[in-house]
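Please look first at the sequence and the structure, and then I shall take you through selected regions.

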2 protein chains.
Amino acid sequence: MSDQSAELEPEREDDAYVLGPKAVAAILYAVDIDDSAKLTELMEPLHPADIADLLEQINAFDRSRLVRLYGREFDGEILSELDESIREEVIGVLTPQVLSQAVRDMDSDDVVDLVEDLEDHQQEAILDALPDADRVAVQQALSYPEYSAGRLMQRELVMAPEHWTVGQAIDHLRATPEDELPAQFYHIVLVDPRLHPIGNVTLGKLMRSKRETRLIDIKEETFQVIPVQQDESDVAYAFNQYHLISAPVVDDEERLIGVITIDDAMVVLDEEHEEDILRLAGVGEGSLSDRVVETTKQRLPWLAVNLVTAIAASLVIAQFEVAIAQIVALAVLMPIVASMGGNAGTQSLTVAVRAIATKDLTGANVWRVIRREVLVGLINGVIFAVVMGIVGLLWFGSPALGYVIAAAMVINLVVAGLAGTVIPVILDRVGVDPALASGAFVTTVTDVVGFFAFLGLAVVVLL
Amino acid sequence: MSDQSAELEPEREDDAYVLGPKAVAAILYAVDIDDSAKLTELMEPLHPADIADLLEQINAFDRSRLVRLYGREFDGEILSELDESIREEVIGVLTPQVLSQAVRDMDSDDVVDLVEDLEDHQQEAILDALPDADRVAVQQALSYPEYSAGRLMQRELVMAPEHWTVGQAIDHLRATPEDELPAQFYHIVLVDPRLHPIGNVTLGKLMRSKRETRLIDIKEETFQVIPVQQDESDVAYAFNQYHLISAPVVDDEERLIGVITIDDAMVVLDEEHEEDILRLAGVGEGSLSDRVVETTKQRLPWLAVNLVTAIAASLVIAQFEVAIAQIVALAVLMPIVASMGGNAGTQSLTVAVRAIATKDLTGANVWRVIRREVLVGLINGVIFAVVMGIVGLLWFGSPALGYVIAAAMVINLVVAGLAGTVIPVILDRVGVDPALASGAFVTTVTDVVGFFAFLGLAVVVLL
């Protein structure tokens, strides 16, 4: 935080990187009194990512006043960093002059990221503001499928024929005009005569080697080529798995057409995780800056699915109305069995969903994992069966009721372990994101089995 | 995947980066027939991270045979990549000679990562295998708190006085012996005379600039300094937020003592997310390679907490035994209200927990977020109240029962939105990880409120 003014320092040690409430208040005060000089002074030390966070945290009215007052200082990188739900709103507030200046300074892959989710008229406005060459590059990137390596890559890269020496590469680098080079680059990509990438040379090695050394003799050991159609989640996986810093992207003929760098892969990894967490919780695409109506719309379908699940469970209960009317204790205890099963099922399914995402759960070990989950369910089932058997006995004074709840607990926890593993594996095999759909299925199974086992056993044993 | 043999190609397009079952079978067959030449040939094209995955996926017996047969080829990087639960087992199988050779080739930060979780005798065995200088470096790193920047950083770095020119820096780089430089580096850190880092110069800029250019004139705009005591999750946040590639680490006197690079930050980001997902699901620290007993132990406490929660809800139901005995439909419908509340609460809490983790939920917007969640709960509550009111009416033919379940639904979904936001915020303020504990609290609230509102209203309206 060395280049932030004292006023903007976070107030608590453990809140490094959080804009303090005082700083936010000072900025909003400058907006209130319409003091653009003061606003610029307060915003100047902030990184564009922090300005984006600030804009996300204040309300829509303050946001539009701030953006207007900040005016020409507004920078394209702030737009890149903004949450999508707010980006369109902010672009709507910017004057065309400010907008076109802001996007002209951006790298082409950042412009792609910026415009790909905009509405058509906003997308056109931004594309029109770009120089011709950049516009063509952006349009070409947009022709690749969403969430593919093609959208993620930058076209600016440094390549060298495989037969070059260190000296030739350095001379070439020095002779290339600044604007044809990427803003940051870490490797030179070696290519064969057909433009197939065959290795990376790091700049560090290049600088330290003798001019006559052949590039091919100092290339890195680890080298991964990314097909342009590859899903971005697989790209992020490759960077994380193989500790890549940058990787060449190739077209269908395996010719070099771009480069993906680790910072972009890290953003994807972050987004993929976020998506998984939200999907597991049934929140769809939620973000904190969405408004009430959007948030309601996002969450409603998941609650509707849950309602169907819950009604299915109720239909099971309804089959046992006679038993419940005779022994009301059944109604008191039955949610416990269902709830424990739901929890155990969620545990198993979360581990399975993550293992599928990290490619740790494969054909080679799926049976061992299923067996483990069932065994874990059995052991925990027996432990909690004993506990609940005793609770049932003490609470309602009926050993038979204790046996019934104990047996139902074991059954439901075993089923939870089985369903929690098998359901995500099957969903993945048939091409459905297991993070998205497993929860509803598993809960339905554990609710239905929980109520049926408990009430069914009760009918057999107690009536 | 260009440098993998055809035999090891994944079998399905969408399974890029997964070791195919055929490849695994071929490797295990080589182990079966004790053919170490064949094994080495099959393993040779695999990245250490893939070998680690392979070891995690096969069973313990095959694992130990494979490691023994692979023998001298075993490389320290495989150990780094292995899941902790298996790492100790594999180290136990390696001969002292193989182990010491394996760790001698590793960077000091990787050795730290490798040994920090080992048992004392294994840690000592590895430290003893290191050259003196490396051992001291590792021990010093281990003196920093776990999960701090000090554990993450590498000591090998390239620095230059702020007054140096490009030419001086290049000459210095060329004169430094290979083994004093980091294996990969992307920046030169500029320092003032008191060793305080003041900026980064990228190697790309360095190479393209004239020899007489001052380094200080070509330093990067974005620059973050990491305090050595900083929590690694904050380090990962800074890299992700500010798109850093490498960042200098400073001691308490703000002197440069190391560097953290983005690939290490990416690993931490990945681990933090994994931890959050597992904690939200009540799985503690689970991993796919844990055995049955460990897995059972990890999950048991969370199920125990859930049992207490479920019993609390049952105690609420028990207060209404008389009502349930009179109207059994209450027992049939009551789980629906509780389940919908639990789901809506999980949605709110997941969004809140993520927003706290990404520092998007702060003092500046907490009230607006709470208001939004409550409003979303209200709107969804009303929608599902209408649906369930109709279902209740059609199913049981009682308008009054319809009103009761509708009203209880609205109440519970509003409470779910409130509890789902307020509980994680409070837990965070008092220093408890909200991902860890929010779930149990929120579910208790929605269960208790759900049953109480539904059954209580039923008593008032229907009896």
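Before I widen the view, some conventions are needed. This is a predicted model, in which local features need pLDDT of at least 70 and side-chain atom pairs count only at pLDDT 80 or more, while totals for chains, interfaces and linings use all residues. Residues are numbered from 1 along each chain as its sequence is written, chains are lettered from A and ligands numbered from 1 in the order in which they are written, and side-chain values use heavy atoms, with hydrogens and water left out.

Strands (E, at least two residues) and helices (H or I, at least four residues) are DSSP runs, numbered from the N terminus. Two strands are said to pair if DSSP finds at least two bridges between them.

Strand 4 and strand 5 (residues 246-250) of chain B run parallel and are joined by two bridges. Axes here are lines fitted to C-alpha atoms, for helices over the stretch in contact (heavy atoms within 4.5 Å). Angles run from 0 to 180 degrees between N-to-C directions.

Chain B has another open sheet of three strands, in the order 1-2-3, again with mixed pairing. Its edges are strand 1 (159-161) and strand 3 (197-202) of chain B, each with a single partner strand, so each has one side without a neighbour in the sheet. From one strand to the next, the twist averages 30°. Five bridges pair strand 2 (residues 187-191) of chain B with strand 3 of chain B in the antiparallel sense; one of the residues involved is B:His187, whose bridge partner in strand 3 is B:Thr202.

What is the sense of the pairing between strand 2 and strand 3 in chain A? Strand 2 (residues 187-191) of chain A and strand 3 of chain A are antiparallel, over five bridges. A:Ile188 stands opposite A:Val201 in strand 3 of chain A. The hairpin of these strands has five residues between them, and A:Leu195 takes a positive phi near 70° there. For accessibility, buried means under 20% relative accessible area, exposed over 50%, and partly exposed in between, with a 1.4 Å probe and protein chains only. Five of the six residues of strand 3 (residues 197-202) of chain A are buried, so this strand is largely enclosed by the rest of the structure.

I turn now to aromatic rings. Rings of Phe, Tyr and Trp (its six-membered ring) pair if their centres lie within 6.5 Å; planes under 30 degrees apart count as stacked, over 60 as edge-to-face and the rest as tilted. Over all chains, the structure holds six aromatic pairs. Among them, A:Tyr70 and A:Phe74 are edge-to-face, at 6.5 Å centre to centre with 75° between the planes. A:Tyr70 and A:Phe74 are both buried. The pair of B:Trp395 and B:Phe396 is stacked, because the ring centres are 4.9 Å apart and the planes lie at 20°. B:Trp395 is partly exposed, at a relative accessible area of 28%, and B:Phe396 is partly exposed at 22%.

Next, two individual residues. Is B:Arg72 buried or exposed? B:Arg72 is exposed, with a relative accessible area of 68%, and is placed in the loop between helix 4 (60-70) and helix 5 (76-81) of chain B. Leaving aside neighbours within four places in sequence, B:Arg72 is in contact with B:Gln97 and B:Val98.

A:Ala406, by contrast, counts as buried, at 15% relative accessibility. A:Ala406 is in helix 20 (residues 399-429) of chain A. A:Ala406 and A:Ile390 are 16 residues apart in sequence, and their C-alpha atoms are 8.8 Å apart in space.
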